[in-house]
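Hi,

Here is the structure I promised to pass on. Have a look at it first, and then read my notes below.

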Amino acid sequence: MNVAILKLLGQRLCMALLSLLAVSVVVFAITSVLPGDAAQEQLGQDATPEALTALRAQMGLDIPAPTRYMHWLGGIVRGDLGTSSTTQMPVSELVASRLPNSLLLAAVTTLFSVPIALAFGIASAMWKGSWFDRIASAGSVAVVSVPEFLVATLAVLIFAVKLHWLPALSYATDIESLGQMLKAFAMPVFSLCCVIVALMMRMTRAAVIDQLEAPYIEMVSLKGASPMRTVLVHALPNAVGPIANAIALSLSYLLGGVIIIETIFNYPGIAKLMVDGVSQRDMPLVQSCAMIFCVGYLVLVTLADVCGILANPRLRHR
Amino acid sequence: MKTNTSHPTLTPAAASVDTSNTNNASVLTTFLRWLGGFGWSGLIGLAILLFWIAAALFGSSMLTRTLVPDSNVQIFGAISHAHWLGTDYLGRDMFIRVIDGASYTVGVAFVATLLASGLGTMLALFAAASGRWIDSVLSRSLDTITSIPSKMFALIMVAGFGSSVTMLIATASIIYVPGAYRIARSMAININALDYVTVARLRGEGTLYVMRREILPNIAGPMLADLGLRFVYIVLLLAGLSFLGLGVQPPAADWGSLVRENIGSLASASAAVIAPALAIASLTIAVNLVIDNLPGRARRERGVK
């Protein structure tokens with residue numbers, strides 16, 4: 001650790017905080033300023049002016065937008081997420097009941113997908129051009145270029161409908177034993193893993209191949225090192241930064257994929273909560289969920305950046 | 001300073017125009033040779049893509065309307081001679097539904113792609129041609145959109161403005177402008193630093209001229225390949241939104257909504273849910289195949305690296 005690295009890291013963190021602030025402005029503007037008068041919409045065209053004024057005052061719309069934004073942001077920072085407009089429950093309670101489920105899903109997916117993706121990515125980089133590499137690459141292109149719900153649908157068709165191994169829908173509410181938990185998790189985790197592994201594998205493969213084409217690897221093989229030793233001892237340590245970067249970036253993709261997967265499997269997570277909020281136009285709920293997702297996304301993207309900086313030896317020994 | 005250096009592409013272009021005027025047969029051979037450059041997988045992709053474009057343009061007018069079945073309504077009917085892809089959850093013919101859906105999936109995504117790429121390219125040209133201050137303001141503000149996950153942004157937009165076709169086009173193009181901008185900008189900046197652009201500026205040409213005549217022709221090719229990729233992203237995003245019930249609203253239906261409507265038949269593995277899902281996959285994979293096999297692409301990439 002030296003000053004240059006600390007300075008770079010500090011810069012990245014400040015950038016992340018600034019973009020989070022900008023994101024909060026965008027979210028607030030789209031959900032509660034740009035669509036127009038929410039009170040008018042709720043009461044319809046032929047509402048009396050008195051009723052409109054009363055509702056506006058009740059919804060807090062008589063305050064100018066910048067003040068409302070500051071108030072909203074202050075609430076979020078303090079952990080007060082407002083009240084859901086459909087259920088009249090505090091949003092923080094709703095979120096707290098769902099967030100652990102989503103985090104568990106993400107953790108289990110990460111646990112399975114990272115080792116598989118790394119193994120596949122490194123193997124196909126080592127045997128570049130072989131049948132293994134070709135099949136793995138074609139498969140990952142196919143998975144990445146079809147919608148997530150197709151992957152999930154096919155998984156249900158194969159494992160639940162044809163083979164009867166697993167239940168088609170997942171309910172995390174009636175879990176009593178470990179076996180039931182595994183069964184409930186299997187389909188959503190499998191579908192998410194397919195997509196994430198495909199993404200991560202491609203990036204890992206590219207990172208390792210990038211190293212293998214460097215001149216020092218030619219030198220190593222001229223010295224007579226075995227291919228295994230060349231990759232594991234010489235190329236991999238140099239590819240750790242790009243690979244960590246790839247892992248963080250692929251995991252940030254989880255945040256988008258989980259929206260579809262939670263809906264298709266009826267999984268009681270926070271993404272499902274948000275989709276329901278959007279279809280009922282429950283703005284406080286949507287705003288809070290959107291901010292939670294954006295924070296998660298920015299954390300992962302910044303983490304990817306930080307890994308890249310820390311792993312760069314040119315910065316470490318300056 | 002010689003003037004002909006600023007138009008390096010003029011001669012070959014003029015030559016090809018000449019031959020096309022004089023000899024139709026040679027145009028055909030040139031076209032066939034260009035087509036041959038695609039290779040087998042590229043040609044298959046091109047065929048599938050052309051099929052779906054034709055379906056989107058003429059499909060609904062060419063099919064005879066037997067959408068509502070005559071007497072014996074069969075829900076989730078099997079594939080038969082009368083119903084090529086079976087029937088849906090209301091007993092409507094699935095083949096007609098899929099062909100009708102093509103105009104939404106392909107059409108909406110195509111318009112949104114053109115908007116996103118066009119706007120992104122224009123902004124990038126403007127940023128590259130007009131100096132550091134405008135460049136960094138534009139780049140920073142577009143970066144803000146990138147730091148919201150694309151599906152999340154779409155959900156927020158739908159929550160705020162509801163969902164109509166115009167809204168979907170606007171949402172998809174806003175989400176993918178920054179990507180197009182970033183790619184176009186990185187190329188435009190490089191070209192902006194080349195000598196012939198400096199020469200044009202010294203000649204006294206304005207920013208608009210430099211953008212349009214000096215930079216644009218040189219980044220048009222790669223931007224077209226990028227357009228294809230962006231089309232795939234937008235198709236996937238819109239299909240995902242429709243699948244959540246937040247995209248194209250009933251009674252109109254794109255392929256994503258068709259999967260959603262008929263998801264109940266998943267347990268019986270009916271064609272009603274598999275056909276539209278495979279239609280999306282065939283479209284996106286076809287576009288990918290075409291882009292990967294564009295004639296001269298391999299040569300270009302080697303040239304870049």
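What share of the contacts in chain A with a separation of 6 or more comes from residues 24 or more positions apart? The answer is 72%, where two residues are in contact if their C-beta atoms, placed from the backbone, lie within 7 Å.

Some ground rules before you go on. This is a predicted model, in which local features need pLDDT of at least 70 and side-chain atom pairs count only at pLDDT 80 or more, while totals for chains, interfaces and linings use all residues. Residues are numbered from 1 along each chain as its sequence is written, and chains are lettered from A and ligands numbered from 1 in the order in which they are written.

Chain A overall

Chain A has 13 helices and 0 strands (helices are DSSP runs of H or I with at least four residues, strands are runs of E with at least two, and both are numbered from the N terminus). Of its 318 residues, 37% are buried, meaning that 20 or more other C-beta atoms lie within 10 Å of the residue's own.

Take Ala304(A), which sits in helix α12 (residues 283-310) of chain A. Ala304(A) counts as buried because 20 other C-beta atoms lie within 10 Å. Asn245(A) is 59 residues away from Ala304(A) in sequence, yet their C-alpha atoms are 4.3 Å apart. Besides Asn245(A), Ala304(A) touches Ala248(A) and Leu249(A), leaving out residues up to four places away in sequence.

Helix α1 (residues 3-33) of chain A packs on α12(A) at an angle of about 160°, and their axes are 10 Å apart (axes are lines fitted to C-alpha atoms, for helices over the stretch in contact, and angles run from 0 to 180 degrees between N-to-C directions). That angle is why α1(A) is called roughly antiparallel to α12(A), a label for angles over 145 degrees. Sorted by class, their contact holds 17 nonpolar, 6 polar and 2 charged residues (Ala, Val, Leu, Ile, Met, Phe, Trp, Tyr, Cys and Pro count as nonpolar, Asp, Glu, Lys and Arg as charged, and the others, Gly among them, as polar).

A covered helix

How many of the 10 residues of helix α11 (residues 270-279) of chain A are buried? It is 8, so to speak a mostly covered helix. Among the buried ones are Ile270(A), Lys272(A) and Gly277(A). Their cover includes α5 (91-126), α10 (227-264) and α12 of chain A, together with α6 of chain B. After α11(A) comes Arg281(A), with a positive phi near 55°.

Where the chains meet

Cheers

Methods. Buried ≥ 20, exposed ≤ 12 C-beta atoms within 10 Å, placed from the backbone. Parallel < 35°, antiparallel > 145°, perpendicular 65-115°, else oblique.
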